[in-house]
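Take a walk through this structure. Start with paired charges, then move to the inside and the surface.

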Amino acid sequence: MIASLTAYLQGLPAFLAYFGTSVGMTVLFVVVYVRLTPHREFALIKANNVAASLALGGAVLGFILPLASAMANSVSLVDFMLWGLVAFVVQAVAHLAKRLVIADLPERIAAGETAAGVFAGVVSLGVGVLNAASMTW
């Protein structure tokens with residue numbers, strides 16, 4: 001019993017390293033993302049702005065999906081972090097592309113236009129799904 005428990009727990013350090021790194025990268029992504037946008041997502045969400053919640057939620061999920069794919073397919077923690085950086089950059093480019101398609105997207109989200117929030121969130125999520133699938137080589 002003790003031997004099997006010891007064998008089972010041998011993977012715990014790797015789990016903690018990957019999980020902790022992914023949480024840290026996600027927090028960093030959110031910090032950078034909210035600085036890229038001219039509106040204050042968390043203040044808008046606290047004020048019950050559904051558009052801001054959808055846009056931010058889609059962006060976070062659009063980052064986490066490829067991050068999870070990178071984790072599942074990486075050969076080391078450094079490899080995982082590098083692919084996480086790729087996911088980060090791809091999501092930032094998607095954010096800029098959304099603003100090119102709808103120039104006043106931040107203003108619409110800040111005004112609570114749900115359609116703008118859905119558009120922003122779905123594009124981020126879609127890019128994240130494609131990004132994740134591309135990492136499965």
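Arg 108 forms a salt bridge with Glu 113, and their closest N and O atoms are 3.9 Å apart. A salt bridge here is a side-chain nitrogen of Lys or Arg within 4 Å of a carboxyl oxygen of Asp or Glu. Arg 108 also forms one with Asp 104, at 3.1 Å between the closest N and O atoms. Glu 113 counts as partly exposed because its relative accessibility is 36% (buried is under 20% relative accessible area, exposed over 50%, partly exposed in between, with a 1.4 Å probe and protein chains only).

This is a predicted model: local features need pLDDT of at least 70, side-chain atom pairs count only at pLDDT 80 or more, and totals for chains, interfaces and linings use all residues. Residues are numbered from 1 along each chain as its sequence is written, and side-chain values use heavy atoms, without hydrogens and water.

Now look inside. The largest nonpolar core has 16 residues, and Phe 29, Phe 63 and Phe 80 have the most contacts inside it. Such a core is a set of buried Ala, Val, Leu, Ile, Met, Phe, Trp, Tyr and Cys residues joined through side-chain atoms within 4.5 Å. Helices α2, α4 (50-73) and α5 (77-101) each give two or more residues to this core (helices are DSSP runs of H or I, at least four residues, numbered from the N terminus). A second, separate core has nine residues, including Ile 102 and Leu 105.
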